[in-house]
Amino acid sequence: MADVADPFCANWTFPFATLPREGRTWLQTARRRTFGAFRASDRDHAGVDIIQPVTTPVLAISAGTVLKFQRNFTDKKNFETDALWVDHDTYVIRYGELRPGQSRNGSGKTWKVGDTMEQGQVIGQVGYVARDSQMLHFEMYWGDSTGNLSDRTNKIYKYVSGNKYQRRSDLLDPTEYVNLMARNSGF
Ligand SMILES: [Zn+2]
């Protein structure tokens, strides 16, 4: 069972070089940036939002291997973003709301399945979601289910309460892990 004391994640570091100007935004219930925050009558927020300005470099929290590069993570009229799925030891992280065309590996090429990364490596940039809100949308999975991370019909969750995330059944609440990463980075 997932636990922040798990040695696999004990040395993870924060996905940005600095703390957000607004502080620990992933804990801001009033701004609905927390895990489980209301999004729609049939959907709750499946990750946490770490607010940073558009184009801010996003850093790998640990060494990892790319599972998928996802175009059109958010595909709205006025903006689009990418997402990167990464296997960090047993965990799967989806780095979401990335700037299109800027999710690049160490050779400057768009990430491919099986590409590897080092901890702290720049893996992309914050994308543009809305005029007043740019962020890394950080999703986390334990890695013991298979298939698409997004699953509109799934109501069964093994590790979180609630059933409206529209995600894979091994979804985790990233909050304590992000707290740990911030501490490890000295924030
Ligand atoms: Zn989000």
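**View 1. Gln166 in the loop between β10 and β11.** Gln166 lies in the loop between β10 and β11, where strands (E, at least two residues) are DSSP runs numbered from the N terminus. This is a predicted model, in which local features need pLDDT of at least 70 and side-chain atom pairs count only at pLDDT 80 or more, while totals for chains, interfaces and linings use all residues. Residues are numbered from 1 along each chain as its sequence is written. Gln166 counts as partly exposed because it has 18 C-beta neighbours inside 10 Å; a residue is buried with 20 or more other C-beta atoms within 10 Å of its own, exposed with 12 or fewer, and partly exposed in between, the C-beta atoms being placed from the backbone. The phi of Gln166 is near 55°, a positive value in a residue other than glycine.

**View 2. Ile156 in the loop between β10 (135-141) and β11 (171-172).** Ile156 counts as exposed, because it has 9 C-beta neighbours inside 10 Å. From C-alpha to C-alpha, Ile156 and Asp170 are 9.0 Å apart in space, and they are 14 residues apart in sequence.

**View 3. Glu97 in strand β7.** Although Glu97 is not a glycine, it has a positive phi of about 65°. Most residues other than glycine have a negative phi. Glu97 counts as buried because it has 27 C-beta neighbours inside 10 Å.

**View 4. The contacts of Val58.** Leaving aside neighbours within four places in sequence, Val58 is in contact with several residues, among them Pro15, Phe16, Tyr95, Ile123 and Leu136, where contact is defined by C-beta atoms, placed from the backbone, that lie within 7 Å.

Terms used:
Helices (H or I, at least four residues) and strands (E, at least two) are DSSP runs, numbered from the N terminus. Two residues are in contact if their C-beta atoms, placed from the backbone, lie within 7 Å.
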